[in-house]
Amino acid sequence: NRWCLGKPFEACRQRAAPENRAPAAVITVIQRVLRASVTVAGETTGAIGPGLLLLIGVERGDTAADADTTARKVAALRCFPGRTPMDRTVGELGGGCLCVSQFTLAAELAEGNRPSFSAAASPDLAEPLYLRVIEQLAAAGLTTARGRFGASMAVDLCNDGPVTFIL
């Protein structure tokens, strides 16, 4: 058996029913970038200069409160150099956030060789939460750009650092 924080590995991935838990963050890979862009069918749908590339994976059980928590944590994340290597927020930098939906972050790889996406939210539930993260980042005063939900996208980025976090 694999273990995570003293519990069986699968127990770490399980969430309480939404009405019985405090808001958590939507699973998000955060990459500090010098620039990033996303292209769909040859058309650039979003691009930023210095800032954060956010790969956002909505899972079953995620709520609007989780999307709000995600945006709040990203906006407050001190991951840009200032007086110290991790001192300034993306807003203080004047940078942007490129938000890309990525349901594959919800993949379960514990058994077999083919990923299972049973933990991923259905598109009709995931898209509004993905859009809510973007709306809340914009409401916090951040410049946002995005990919196209559900599309096959080409993401181009130049990592800065590299600095990468999983929220």
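Let me begin with the basis of the values. The structure is a predicted model, in which local features need pLDDT of at least 70 and side-chain atom pairs count only at pLDDT 80 or more, while totals for chains, interfaces and linings use all residues. Residues are numbered from 1 along each chain as its sequence is written, and side-chain values use heavy atoms, with hydrogens and water left out.

The pLDDT is the predictor's confidence in each residue, from 0 to 100. Its mean over the chain is 90, and 87% of the residues reach 70 or more. Over residues 1-7, however, the pLDDT is below 50. Where pLDDT is low, the predicted coordinates should not be read in detail.

I turn now to the fold. The chain holds four helices and eight strands; these are DSSP runs, with helices being H or I of at least four residues and strands E of at least two, numbered from the N terminus. From the N terminus on, their order is β-β-α-β-β-β-α-α-β-α-β-β. A contact means heavy atoms within 4.5 Å. Among contacts between residues at least 6 apart in sequence, 72% join residues at least 24 apart.

Next, the interior. Buried means under 20% relative accessible area, exposed over 50%, and partly exposed in between, with a 1.4 Å probe and protein chains only. Of the 167 residues, 36% count as buried. In soluble globular proteins, nonpolar side chains tend to be buried together. A nonpolar core is a set of buried Ala, Val, Leu, Ile, Met, Phe, Trp, Tyr and Cys residues joined through side-chain atoms within 4.5 Å.

The largest such core has 22 residues, and those with the most contacts inside it include Leu52, Leu54, Ile56 and Cys97. Two or more residues come from each of β5 (51-57), α2 (64-76), β6 (96-101) and α4 (123-139). Of these, α4 gives the most, with six residues. Cys97 touches, among others, Leu52, Leu54, Val74 and Leu137, not counting residues up to four places away in sequence. A second, separate core of twelve residues includes Val38, Ile48, Leu53 and Leu105.

Which residues does Thr69 touch, beyond those up to four places away in sequence? They are Pro23, Ala24 and Ala25. Thr69 lies in helix α2 and is buried, with a relative accessible area of 7%.

Asp87 is my next example, found in the loop between α2 and α3 (90-93). Asp87 counts as buried because its relative accessibility is 14%. With residues up to four places away in sequence left out, Asp87 touches Arg78, Phe80, Pro81, Gly82 and Glu92. A polar atom of the Asp87 side chain also lies 3.1 Å from the backbone nitrogen of Arg83.

Finally, the cysteines. A disulfide is a covalent bond between the sulfur atoms of two cysteines. How many disulfides are there when the rule is a pair of cysteine sulfur atoms within 2.5 Å? The count comes to zero. The sulfur of Cys79 is 9.1 Å from the closest cysteine sulfur, in Cys97, and is therefore too far for a bond. Cys79 is buried, with a relative accessible area of 0%, whereas Cys158 is partly exposed, at 22%.

Definitions and conventions:
Polar contact = N/O pair within 3.5 Å; in protein donor to acceptor, adjacent residues only side chain to side chain. Disulfide = S-S within 2.5 Å.
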